[in-house]
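Q: Please take a close look at the aromatic residues of this protein chain. I would like a connected account of how they pair and where they sit.

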Amino acid sequence: MEEPAKPQEPAEDAGPDPSTLFVFWCDREKPLEEEVRLALQDAWPGITQVDDLETSDEVPWGTVYALPEGGSELVVWAESRGDLATGILEEGLSDAAEREAAGRSRWVLGVETLLDPDEPLRSFQRQLRFAAAA
């Protein structure tokens with residue numbers, strides 16, 4: 001006689017998905033980590049570097065930061081733009097000059113954080129300010 005199948009354990013909750021933004025870097029040269037770090041320090045005196053990401057040819061650097069006012073940590077990294085489809089640029093950017101500049105870009109900055117479920121809009125605005133400063 002076969003034993004009855006055991007019920008499967010529920011999958012461990014991995015938590016909420018992070019909010020990720022990509023910002024086109026319109027300079028031909030890749031973004032320098034030091035340049036971004038200095039810009040972030042200027043925007044947020046007291047910002048602290050928490051960790052570094054693993055790097056590769058496609059991701060030359062990445063850093064995890066904590067802001068002085070608290071909240072979720074923010075991650076910023078440089079990434080090769082790769083083969084981002086032209087259609088995405090045409091759909092997402094209505095301004096022709098912006099679309100052209102984005103099309104010429106070779107790099108993007110990624111900015112990622114967890115949004116506060118109690119104040120998601122405020123968290124997202126903080127993420128946008130962080131991306132703008134970077």
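**Aromatic pairing in the chain**

A: Buried residues, meaning those under 20% relative accessible area with a 1.4 Å probe and protein chains only (exposed is over 50%, partly exposed in between), make up 28% of the 134 residues in the protein chain. The model is predicted, so local features need pLDDT of at least 70 and side-chain atom pairs count only at pLDDT 80 or more, while totals for chains, interfaces and linings use all residues. Residues are numbered from 1 along each chain as its sequence is written, and side-chain values use heavy atoms, with hydrogens and water left out.

The chain has 4 helices and 5 strands, taken as DSSP runs numbered from the N terminus (helices: H or I, at least four residues; strands: E, at least two). From the N terminus on, their order is β-α-β-β-β-α-α-β-α.

Rings of Phe, Tyr and Trp (its six-membered ring) pair if their centres lie within 6.5 Å; planes under 30 degrees apart are stacked, over 60 edge-to-face, and the rest tilted. By this rule there are 3 aromatic pairs. One of them, Trp-44 with Phe-130, is tilted, at 5.7 Å centre to centre and 40 degrees between the planes. This pair links distant parts of the chain, 86 residues apart: Trp-44 lies in the loop between α1 (33-43) and β2 (48-52), and Phe-130 in helix α4 (residues 120-133). Trp-44 counts as buried because its relative accessibility is 9%; Phe-130, at 0%, also counts as buried. Together with Tyr-65, Trp-44 and Phe-130 form one aromatic cluster.
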